[in-house]
Amino acid sequence: MTTTEQEPVLSVSGLTIDLPRNADRKHAVENISFDVAPGEVVCLVGESGSGKSVIAFSVMGLLASALQVSRGSIKLQGTELTELDDDAMRALRCTRMGMIFQEPMTALNPVMNCGDQIDEVLQEHTDLSSAQRRSKVLAMIEQVHLPDPERMYSAYPHQLSGGQRQRIMIAMALILEPVVLIADEPTTALDVTTQAQILQLIRELQAERQTGVLFITHDFGVVAELADRVAVLKQGQLVEFGTTQQVLANPQHAYTKMLIASVPRHEPPVRRVIADDAPVVLQTENLAKRYVSYGFAGANNVVDAAVDVSIEIRRGETLGIVGESGSGKSTVARCITWLIESSDGKIWLAGDNIAELSKEQLRSLRRKVQIVFQDPYRSLNPRRTVGQSIIEGPMNYGISHREAIADARELMQLVQLDPDGLDRYPHQFSGGQRQRICIARALAMKPDLLVADEAVSALDVSVQAQVLKLLEEIRDRMQLAMLFITHDLRVAAQVCDVVAVMSKGRVVEYGPARELFNNPQHEYTQALFEAAPGRHFEFAR
Amino acid sequence: MWSHLLKRVLAVIPVLLVVMVIVFLMLRLTPGDPAANIAGDAATSEDIAKLRIELGLEEPLPVQFGIYVSNLLQGDFGESFYYKRPVISMIADGIEPTLSLAFFTITLACLVAVPLGTLAAYRHGTWLDRMVMGFSVVGFSVPVFVIGYLLIYFLSVKLGWFPVQGYQHIKEGIGGWAYRLVLPSVALSVIFIALIARMTRTSVLEVLNEDYIRTARAKGLPQSKVLLKHALRNAAVPIVTVIGIAIAILISGVVVTESVFVIPGLGLLTLDAIQGRDYPTVQALILLFSVVYVLINLIIDIIYTILDPRIRY
């Protein structure tokens with residue numbers, strides 16, 4: 001589809017953007033050149049901090065004021081954007097270049113209905129009457145395949161799902177048929193099946209209108225699915241630019257090769273067998289969680305977040321619970337860790353039925369189940385040193401300060417961090433390092449069961465691969481049982497011995513990872529696998 | 001929504017009961033005798049004892065409370081010990097000045113503070129922001145009577161632009177009514193401007209970092225629309241909360257301002273009633289203030305649901 005003979009709609013050359021003086025490097029991006037032809041999708045790929053979003057924002061003229069374009073040019077259909085004043089830039093936004101963002105949950109104004117938010121674009125940039133505008137908005141809502149446009153028009157963002165909100169964003173960005181669409185990780189926050197639909201929609205609208213798309217992503221699956229050409233960014237430098245086929249099948253730069261190699265394979269590796277007589281650490285039987293909100297006059301609202309969940313994990317084994325948002329996977333994790341109380345069913349921990357235990361006994365058992373959360377940026381107290389966070393738990397269970405510190409130093413080594421880092425604060429560590437600290441904190445309690453709730457989802461692929469490897473090593477060395485909650489099938493394929501697929505609160509498929517991945521039985525599992533982006537590309541096999 | 005409102009209104013009853021008991025006891029258990037006050041310096045102890053019986057103060061406390069509540073249920077707030085007038089008619093006389101002053105003050109405070117706070121947030125870190133913040137600190141720290149007397153000294157005594165004190169009823173002419181309210185409202189509003197401007201600044205500043213503000217800018221909206229339509233509306237809930245609290249505090253602040261500017265409102269009435277240990281008047285006034293507090297909170301709750309469609313009861 002590459003139409004290089006045509007005049008590019010967007011052309012960036014020699015773009016350099018300076019960082020503020022105290023930053024860790026001089027330029028956010030340096031000497032970046034690429035172009036986007038009409039009807040072409042160019043993906044900018046890179047890990048966090050690579051500068052890919054900075055490029056997108058500089059095109060839109062939405063850079064934070066601390067960042068300045070110092071050199072280079074950005075041309076939109078021949079118009080030099082870096083020389084335009086604020087008003088001229090404003091007039092181009094949404095008319096000739098539109099943008100959609102990563103978080104559909106927060107990118108829409110929560111106190112304005114969706115129709116009015118789209119209408120605002122027309123109000124600002126056209127002279128249409130209010131009736132004309134309304135019919136145009138409704139038509140656009142229909143074009144992004146939202147059901148019942150009238151209802152969508154008057155709906156508030158919180159009443160819609162993530163996918164629907166992203167469709168509203170797309171409608172807003174494309175209603176005036178801009179020549180360039182900039183998409184900043186628009187599907188990263190979405191479930192895999194929703195992601196597939198949104199990618200499909202972007203493809204469809206962009207082909208129909210011959211829109212040039214600059215698509216920013218960290219996910220090589222998405223790249224394989226969507227891109228005509230790919231630009232790989234590393235720390236503000238463009239290290240490789242070529243057609244998708246070239247870059248993915250035959251990467252030239254070492255960094256590109258490393259990134260592609262880090263993408264977890266969809267195929268589970270052959271794993272050592274867990275002995276049948278390995279003790280069962282955790283077992284649940286018909287676990288259920290029901291939320292009831294009491295309404296007026298007996299109109300109760302009942303939500304079954306988890307129904308009939310029966311799973312077991314042996315020592316040294318990793319059980320993965322895979323599912324989309326709202327499937328109940330986190331509810332199960334919270335019931336098992338007693339962060340919430342289950343409403344029905346039994347949970348046995350090392351043979352003890354926890355429902356029959358007293359508060360005191362439960363407290364001593366709590367040590368045995370530890371959890372690592374998704375967001376390493378928010379799960380450590382920013383005002384306490386790493387050491388304080390790690391030793392707090394053991395000391396609470398009667399370990400002396402000296403002993404706890406000695407243990408913590410050992411754990412830091414185990415998670416491959418410098419033990420002297422114990423005196424530092426969380427913000428002095430990178431995301432991957434912080435997740436290692438969270439793991440050390442969990443291990444300090446000497447648990448039998450480690451629950452990882454989306455523990456690698458917020459990390460870049462290269463870091464993700466390292467943390468996954470670390471988790472596996474630790475599990476083998478300490479003979480832990482591990483419960484791995486994830487929405488990412490490829491991650492599950494890599495670390496899990498046994499996988500449970502959850503949908504709408506129920507376990508729909510449950511079995512050894514290899515069998516389940518090679519021959520999914522349930523239609524939901526099949527749909528989930530089918531939707532995974534880039535499945536058919538070489539690297540994903 | 002309606003069931004929530006009903007619940008809220010019903011919840012007012014125990015609150016008012018507690019207020020009634022506490023005020024009743026506090027008045028009678030603190031030293032001071034209304035009879036001695038009324039009888040004056042020359043009265044003999046027999047005179048005072050007679051007066052106490054007349055006023056019903058010799059009955060046991062539970063009996064007095066019973067009489068108070070049963071009268072109240074019949075809509076009778078009692079008669080002032082001092083003025084021998086029904087308390088309700090005294091409140092009716094005082095309510096216009098007080099409401100006028102409160103209305104002027106809060107309107108002035110909102111009109112000044114909200115734009116000021118929004119601008120400070122938008123021009124975050126500039127001299128304008130620092131000026132607004134500096135003013136807030138000063139506004140918070142200076143008591144209302146100091147500001148009042150300063151205004152009187154400069155604007156009334158020195159420059160003669162405004163009357164020194166007094167109040168004109170609205171029926172005697174809107175011009176004079178408004179003119180005489182300017183100084184007291186300005187004096188009283190300073191602290192609320194400080195409070196609301198600060199809150200507005202913080203709230204808007206937080207909202208300006210939200211993703212939907214970036215979306216609004218990506219749509220090509222001008223700054224003013226981004227600020228007013230997208231930022232301020234989302235920042236409104238905490239601002240409205242503070243304005244509500246301000247109205248509540250205002251009622252107690254009115255007491256001082258009214259005595260500085262000699263405005264015959266509820267504040268002055270409260271002051272007189274407490275000094276004269278005029279039990280029925282104090283009880284009725286505090287009950288009235290409590291009802292106002294509760295009503296303001298209820299209204300704020302309703303405004304929340306209008307401002308933010310995500311809030312539903």
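## Burial and extent of chain B

A residue counts as buried if 20 or more other C-beta atoms, placed from the backbone, lie within 10 Å of its own. By that criterion, buried residues make up 32% of the 313 residues in chain B. The model is predicted, so local features need pLDDT of at least 70 and side-chain atom pairs count only at pLDDT 80 or more, while totals for chains, interfaces and linings use all residues. Residues are numbered from 1 along each chain as its sequence is written, and chains are lettered from A and ligands numbered from 1 in the order in which they are written.

Chain B has 12 helices and zero strands, where helices are DSSP runs of H or I with at least four residues, strands are E runs of at least two, and both are numbered from the N terminus. The C-alpha trace of chain B spans about 85 × 55 × 35 Å along its principal axes. Of the contacts in chain B (C-beta atoms, placed from the backbone, within 7 Å) between residues at least 6 apart in sequence, 72% join residues at least 24 apart.

## Helices α5 and α12 of chain B

The axes of α5(B), residues 87–122, and α12(B), residues 279–307, come within 10 Å and cross at roughly 55 degrees. Axes here are lines fitted to C-alpha atoms, for helices over the stretch in contact, and angles run from 0 to 180 degrees between N-to-C directions. α5(B) and α12(B) are therefore oblique to each other, a class left over once angles under 35 degrees (roughly parallel), over 145 (roughly antiparallel) and 65 to 115 (roughly perpendicular) are taken out.

On the α5(B) side, Val87(B), Met90(B) and Ile91(B) meet Pro280(B), Thr281(B), Ala284(B), Leu285(B) and Leu288(B) of α12(B). These residues divide into seven nonpolar, one polar and no charged; Ala, Val, Leu, Ile, Met, Phe, Trp, Tyr, Cys and Pro count as nonpolar, Asp, Glu, Lys and Arg as charged, and the others, Gly among them, as polar.

## Interface of chains A and B

In the interface, 24 residues of chain A are in contact with 19 residues of chain B. Elements giving two or more residues to the chain A side are α2 (86–92), α3 (104–107) and α4 (114–125). α4(A) gives the most, with four residues. By class, the chain A side has 14 nonpolar, five polar and five charged residues.

## Helix α11 of chain A

In α11(A), residues 254–262, the buried residues are Tyr255(A), Thr256(A), Leu259(A) and Ile260(A). Seen down the helix axis, they fall within an arc of 130 degrees and so line one face of α11(A); the arc is that of the directions from the helix axis to the C-beta atoms.

Notes:
Two residues are in contact if their C-beta atoms, placed from the backbone, lie within 7 Å. A residue is buried if 20 or more other C-beta atoms lie within 10 Å of its own, exposed if 12 or fewer, and partly exposed in between; C-beta atoms are placed from the backbone.
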